[in-house]
Amino acid sequence: MDLFQYDFMVRALIGALIIGLIAPALGIYLVQRRLSLIGDGIGHVALTGVGVGLLLHQSPVLTAVVVSVLGAVGVELVRERGRTSGDLALALLFYGGIAGGVVLVGLSDDSSNANLMQFLFGSLTTTSREDLAVIAVLGVAVLVAMLGLRQALFAVCNDEEYARVSGLPVRTLNLLMAVTTAVTVTIAMRTVGLLLVSALMVVPVAAAQQVTRGFRSTMVTAMVIGMSAAAAGVWLAGEVDTAPGATIVILAIAAFLAIAVGAGAWRVLRRRVIPAGQQQAEPPEVVLREAELR
């Protein structure tokens, strides 16, 4: 039976593809800044937004967007101006967000475990036309920002002081990344859930780094891996009746392991076949060169 003859499966596939595309496009900047776990922190804050929405009988998605953006901007300002380090600011975001979310969801009229689980781990097959429209509009906005400002964002992530000396609006760009991260986490609630969205930002990028050298090629490869894992995850979840979000993340991790093993085997084979004097040095990680951004 063709699973995609049903409208809800088609909507699930489209929503997953959008998230699979934009999450790695944003995640490559977070990985470069060593902020791979910020998606988890903002996901916890988004849970507080969900609780606010349920408590006030408003759309949980909209309130989660607002609260997540405020939380992300707050952490960025604390990191920039205060004496609190980045990892401590993320810890505060983690604990305060999850605690506030659990308390507010418990106080709301609709505090069932099933309702809470669909936000924590995703409920892709319940995506409505309105949800898909919100995901598409916000996803396009995030993608345009990540691609259109690629050179400036790369400069800030690679060397913030140099970017500031060069005249780039570093604070504005940092706040932009914080806001787009919050938006991406929030719209991914329906796809992979608040607790798993960070994996879709990081794992495809980590997989792409195994076989690419430049920033642009890493971004493109990560986006392809993210979309492939999303599409295959939706199909496999429908076939074997598993949670779509968790299935997508498992497939992304499986792709990372397969690529890492394949890349390692290829390097070993090259050492044995090609004489040592004729080998060209290959960096273990991505070499980010300004020329490759153009």
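Colleague: Among contacts in the chain between residues at least 6 apart in sequence, what percentage joins residues at least 24 apart?

Modeller: The share is 76%. Contact means heavy atoms within 4.5 Å. This is a predicted model: local features need pLDDT of at least 70, side-chain atom pairs count only at pLDDT 80 or more, and totals for chains, interfaces and linings use all residues. Residues are numbered from 1 along each chain as its sequence is written, and side-chain values use heavy atoms, with hydrogens and water left out.

Colleague: What does the secondary structure of the chain come to?

Modeller: There are 12 helices and zero strands. Both are DSSP runs, numbered from the N terminus: helices are H or I with at least four residues, strands E with at least two.

Colleague: What makes Pro 244 count as buried?

Modeller: Its relative accessible area is 16%. Buried means under 20%, exposed over 50%, partly exposed in between (1.4 Å probe, protein chains only). Pro 244 falls under the buried limit, so the word applies. This residue sits in helix H12 (residues 244–273). Val 234 is 10 residues from it in sequence, with 5.5 Å between their C-alpha atoms. Of the chain's 294 residues, 45% are buried.

Colleague: How do you know that Glu 160 forms a salt bridge with Arg 33?

Modeller: Their closest N and O atoms are 3.4 Å apart. A salt bridge needs a side-chain nitrogen of Lys or Arg within 4 Å of a carboxyl oxygen of Asp or Glu. The pair meets that limit, so it qualifies. It links distant parts of the chain: Glu 160 is in helix H8 (residues 160–165), Arg 33 in the loop between H1 and helix H2 (38–56), 127 residues away. Arg 33 is buried, at 16% relative accessibility.

Colleague: Which residues are linked in a network of salt bridges?

Modeller: Arg 33, Glu 160, Glu 161 and Arg 164. The structure holds three salt bridges. Arg 164 meets Glu 160 at 3.5 Å, N to O, and Glu 161 at 3.2 Å. Within H8, Glu 160 is four residues from Arg 164, and Glu 161 is three. An α-helix has 3.6 residues a turn, so residues three or four places apart point the same way.

Colleague: Why is Arg 164 called partly exposed, and Glu 161 exposed?

Modeller: Arg 164 has a relative accessible area of 39%, so it belongs to the class in between. Glu 161, at 51%, passes the limit for exposed.

Colleague: How do you know that the 27 Å between the end C-alpha atoms of H2 agrees with what its residues should span?

Modeller: The expected span is 1.5 Å times one less than the number of residues. For the 19 residues of H2 that gives 27 Å, so the two values agree. H2 is mostly covered, with 16 of its 19 residues buried. His 57 follows H2 and has a positive phi, near 60°.

Colleague: Which residues touch the most other members of the largest nonpolar core?

Modeller: Ile 19, Tyr 29, Val 192 and Met 201, out of 71 residues. Helix H1 (residues 7–32) gives the most to this core, with 12 residues. Such a core is a set of buried Ala, Val, Leu, Ile, Met, Phe, Trp, Tyr and Cys residues joined through side-chain atoms within 4.5 Å. Leaving out residues up to four places away in sequence, Ile 19 touches several residues, including Ile 135, Ile 187 and Leu 200.
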